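Dear colleague,

I am passing on the structure below, together with some notes on the ligand and its surroundings. Please read the notes with the coordinates open beside them.

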Amino acid sequence: MKEMASLLRIVADETRLRVLRLLSETPLNVTELTTILGLAQSGISKQVGTLKKAGLVRERREGLKTFYRLSEESEVPEEGRPLWALLMERVRTAEDSRHDLVRLAETLEKREGAAPGLHERLLAPGESWHAWSRMLMTLLPPMERAVDLGCGSGILAAELARVCDEVVGVDISSQALSAARAHAERVGLANVRFIEGDMTTLDLPDGCCDVAVLSQTLHHLPDPMTGLKVAARLLKPGGRLILMELLPHDEAWVTEKLGHLHLGFSATDLESMMEQAGFKITSLETLPPLRGERFRAVQGCAVWGERDVPPAAR
Ligand SMILES: C[S@@+](CC[C@H](N)C(=O)[O-])C[C@H]1O[C@@H](n2cnc3c(N)ncnc32)[C@H](O)[C@@H]1O
């Protein structure tokens with residue numbers, strides 16, 4: 001009873017529960033915990049010290065840093081083990097209402113960025129993706145017009161402008177478009193224009209584009225089919241759709257924080273939606289995880305107008 005009462009006293013604190021949740025994901029040092037929790041370092045040190053004294057976390061030194069990890073069930077005082085197991089099961093699946101896991105991901109990315117080996121990885125073909133994509137783009141035939149639906153900060157639109165007479169970037173967010181216009185100006189492009197508005201009510205003529213891009217946009221639309229129908233309407237016969245989406249995931253925080261309306265799409269979902277919109281799919285590929293990313297991408301290319309188009313898709 002004594003051990004159980006002591007365990008309950010120690011975990012009856014939200015900050016300590018948040019620390020346990022984070023350590024259940026990965027070992028962290030006090031500086032990282034402080035950044036993620038947004039609390040004073042002295043307070044976090046004290047809470048971690050309390051958890052350590054109770055045998056709920058263990059410390060490990062790495063160079064000059066001390067990392068803390070969650071204790072294994074077998075390392076917790078025996079009487080408290082069933083309660084500990086139950087508690088950790090609940091803590092791990094509790095709602096992340098303060099978005100600690102998002103900041104954890106950012107912190108781990110920073111840690112990874114500072115780790116030795118990054119330079120070599122960036123030099124490897126494919127990691128220096130910006131330079132590579134620009135070089136590969138020169139292999140494309142010249143095109144009259146491309147439209148980037150949900151262009152965000154317009155980086156892709158600007159790249160496309162190197163191989164198109166004109167690129168039209170469309171986005172509902174004035175903030176994203178300010179960044180997009182600033183970027184186009186900075187890189188000296190006069191053949192990109194941006195339209196602020198909802199792509200589903202876009203005032204551009206039918207069949208005016210050679211390429212339509214939907215990069216991570218469908219998950220923002222209440223009905224993703226509408227995005228594909230708009231792309232189909234804007235493309236010339238034989239025009240190409242380039243699509244990039246997230247595979248189904250469990251990161252529910254993106255709905256509140258990033259405004260996603262769908263937690264990804266499977267390749268099968270995208271295939272049937274593209275076909276329903278009248279596209280002929282030329283490639284559809286899910287990308288393998290590289291370094292344990294939280295999201296995985298699926299990308300597809302399709303041609304418009306090379307098959308009978310069902311009237312419902314228009
Ligand atoms: C995740 S961002 C993708 C930005 C860019 N395409 C990329 O891949 O980096 C999605 C963008 O779609 C825009 N968006 C969402 N709903 C839209 C709509 N109905 N019409 C136009 N743009 C929309 C958002 O404002 C946001 O900039």
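How do the residues of the shell around the ligand divide into nonpolar, polar and charged? Before turning to that, please keep in mind that this is a predicted model. In the shell, four residues are nonpolar, seven are polar and two are charged. There are 13 residues around the ligand, and those that come nearest are Gly150, Asp171, Asp198, Met199 and Ser215.

For Met199, a polar backbone atom lies 2.9 Å from a nitrogen atom of the ligand, while Asp198 places a polar side-chain atom 3.0 Å from a ligand nitrogen, and a backbone N or O atom of Ile172 is found at 3.2 Å from a nitrogen atom of the ligand. On its own the ligand has 590 Å² of accessible area, of which the protein covers 77%.

As for the site itself, the ligand sits in the second largest pocket, whose volume is about 260 Å³. This pocket has a lining of 14 residues, and Gly150, Asp171, Ile172, Thr217 and His220 are the ones that lie nearest its centre. By residue class, the lining of the second largest pocket comprises five nonpolar, seven polar and two charged residues.

Notes
Residues are numbered from 1 along each chain as its sequence is written. This is a predicted model: local features need pLDDT of at least 70, side-chain atom pairs count only at pLDDT 80 or more; totals for chains, interfaces and linings use all residues. Side-chain values use heavy atoms; hydrogens and water are left out. A residue is near a molecule or strand if one of its heavy atoms lies within 4 Å of it. A polar contact is a pair of N or O atoms within 3.5 Å; within protein, one must be able to donate a hydrogen and the other to accept it, and residues adjacent in sequence count only if both atoms are side-chain atoms. Accessible areas come from the Shrake-Rupley method with a 1.4 Å probe; for residues, only the protein chains shown count as cover. On a 1 Å grid over the protein atoms alone, a cavity is a set of points where a 1.4 Å probe fits but cannot get out, and a pocket is an open set with protein on both sides within 12 Å along at least five of seven lines; lining residues have an atom within 4 Å of a point. A molecule sits in a cavity or pocket if more than half of its atoms lie within 2 Å of its grid points. Ala, Val, Leu, Ile, Met, Phe, Trp, Tyr, Cys and Pro count as nonpolar, Asp, Glu, Lys and Arg as charged, and the others, Gly among them, as polar. Grid points are joined across faces, edges and corners, and a volume is the space filled by probe spheres set on the points.
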